[in-house]
Amino acid sequence: MRVRPRAGLARAGPRARPSPAILHPVARLYSPSLALVGLLAACGPSADTIAPRDDEYPPTVQPYDDDDPAPEAGLPAWHSLGGAIAEPAATLGADGRIEVFVRGRDGALWHIHQVAPNSGWSEWSSLGGRLAGGAVVGEDGDGRLDLFARGSDGALWYLRQAGPKHDWPAWTRLGGRLHPGDRPVVARGLDGHLELFVRAPDRSVHHLRELPGPAWSTWQALAGAVGPFTAAREGDGRLVLFARSDDGELLQRRQLAVDGAWGDWTALGGRFYGAPAVARNRDGRLEVFVQGATGDLLHRWQTAPAGPWSPWASLGGAPGDPVAITAPDGRLEVFTRGLDFALWRIGQVTPGGSWSPWTSLGGRFNDPPAIAANQDGRLEAFVRGTDDALWHRWQARPGCCW
């Protein structure tokens, strides 16, 4: 069965032909008020590692067909971009077009992009590589995108655009060792340089800093074994890490000064599962979101930029790992997979203000969603469907109506 955009949501420009849909409408709705339960072993390159090459991998990720029946009434407004993918990542490029990066069945990194801002989509193309995990995207301040992923050798690899368009050179090995199943974490410093963090097999966090040139620092270990973690930049320019402790508590680790040394891990309390997510309010205050021990979405926020933290509060729901984003209008939005495997969202009504009820966007998907903002301010969600294809759904206008 196929799903396609509702009337009035169609894009201008060409689009990839959809593949058979295995997404389904939501069988039931959540009640918004109901909380449901549901290293670095070696820093240098290994002697037997060779850089991946684009020409090693056949283009296997384009399973399109011509079957395009009318959708059944009531199906959600999801649309397939085809492919056979895992672990999508999405970002808005400097030229105003959304780019989506996925790991293909051949282990290479594949991407698809809008042919014009707010418009239709290109065909899939391979960026090569031999990856053991999904990529994360950074932007280095001059309009170029940087991609980081765990290679099949367990080390960190990266790929940097040669310019703000679609010219991609070869992959570069940055060394280190990543904990199996982890993606690297990337943050941007106050002057635009990139900061990279990985969790080593011993579960300590290791850190790389981008230097002029471009070049990279040597690896720095931040002692202490932690669970899944994320990073953000505070309102005063310092970077901060958030991680889960062994007993499920939220931990925080801050730079002592902008681009300076790091303090120790400190506890922020709570009990949660999975990985934390963090976003910055329009006024500079950070807000952290976790899946609570009883299954609901918990959050706490800074009461002033780089300041103390509020108590924990519940937003209800029954989420998986949350994905938090600051929308172009300054409101925070949180997306997650529900117990029904559909995509659910909750957002601030006004920047820094109260929260809306939970809303289901339907579908059935695997992997955490990837969210990006169009050039015109509309958010767009990308997921791996149960057919392993890339599916997407978007707002009809900024801040409203999916």
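Me: Are phenylalanine 335 and tryptophan 402 buried or exposed?
Reply: This is a predicted model. A residue counts as buried under 20% relative accessible area and as exposed over 50%. Phenylalanine 335 and tryptophan 402 are both buried.

Me: How much of the chain counts as buried?
Reply: The chain exposes about 15,600 Å², and carbon and sulfur atoms supply 54% of that area. The chain has 402 residues, and the share that counts as buried is 58%.

Me: What is the geometry of the ring pair phenylalanine 197 and tryptophan 262?
Reply: The whole structure holds nine aromatic pairs, by a search. In the pair of phenylalanine 197 and tryptophan 262, the ring centres are 5.7 Å apart. Planes over 60 degrees apart count as edge-to-face. Here the planes meet at 85°, so the pair is edge-to-face.

Me: How far apart in sequence are the parts that phenylalanine 197 and tryptophan 262 tie together?
Reply: Phenylalanine 197 sits in strand β11, residues 194–199. Tryptophan 262 is in the loop between β17 (250–254) and β18 (266–269). The pair therefore ties together parts whose separation in sequence is 65 residues.

Me: What angle lies between the planes of phenylalanine 335 and tryptophan 402?
Reply: These two residues form an aromatic pair, 5.7 Å centre to centre. The pair is edge-to-face, and the angle between its planes is 70°.

Me: How many residues apart are phenylalanine 335 and tryptophan 402?
Reply: Phenylalanine 335 lies in strand β24, residues 332–337. Tryptophan 402 is in the segment after β29 (390–394). The pair links distant parts of the chain, and the separation is 67 residues.

Me: Which elements give two or more residues to the largest nonpolar core?
Reply: The largest nonpolar core has 16 residues. Those touching the most other members include Trp78, Phe335, Leu361 and Trp402. The elements giving two or more residues to this core are β23 (323–326), β27 (365–373) and β28 (379–385).

Me: What is the C-alpha to C-alpha distance between isoleucine 325 and phenylalanine 335?
Reply: Isoleucine 325 lies in strand β23 and is buried at 17% relative accessibility. Beyond four places in sequence, its contacts include Phe335, Ile371 and Leu379. Isoleucine 325 and phenylalanine 335 are 10 residues apart in sequence, and their C-alpha to C-alpha distance is 8.5 Å.

Me: Which residues does serine 310 contact, leaving aside neighbours within four places in sequence?
Reply: Serine 310 is in the loop between β21 (297–301) and β22 (313–314). It is buried, at 4% relative accessibility. Leaving aside those neighbours, serine 310 contacts Arg300, Trp301 and Thr303.

Me: How far apart are the sulfur atoms of cysteine 400 and cysteine 401?
Reply: The chain's disulfide count is one. Cysteine 400 is partly exposed at 23% relative accessible area, and cysteine 401 is partly exposed at 36%. These two cysteines form a disulfide, and their sulfur atoms are apart by 2.1 Å.

Note on methods
Residues are numbered from 1 along each chain as its sequence is written. This is a predicted model: local features need pLDDT of at least 70, side-chain atom pairs count only at pLDDT 80 or more; totals for chains, interfaces and linings use all residues. Side-chain values use heavy atoms; hydrogens and water are left out. Rings of Phe, Tyr and Trp (its six-membered ring) pair if their centres lie within 6.5 Å; planes under 30 degrees apart count as stacked, over 60 as edge-to-face and the rest as tilted. Helices (H or I, at least four residues) and strands (E, at least two) are DSSP runs, numbered from the N terminus. Buried means under 20% relative accessible area, exposed over 50%, partly exposed in between (1.4 Å probe, protein chains only). Accessible areas come from the Shrake-Rupley method with a 1.4 Å probe; for residues, only the protein chains shown count as cover. A disulfide is a pair of cysteine sulfur atoms within 2.5 Å. A nonpolar core is a set of buried Ala, Val, Leu, Ile, Met, Phe, Trp, Tyr and Cys residues joined through side-chain atoms within 4.5 Å. Contact means heavy atoms within 4.5 Å.
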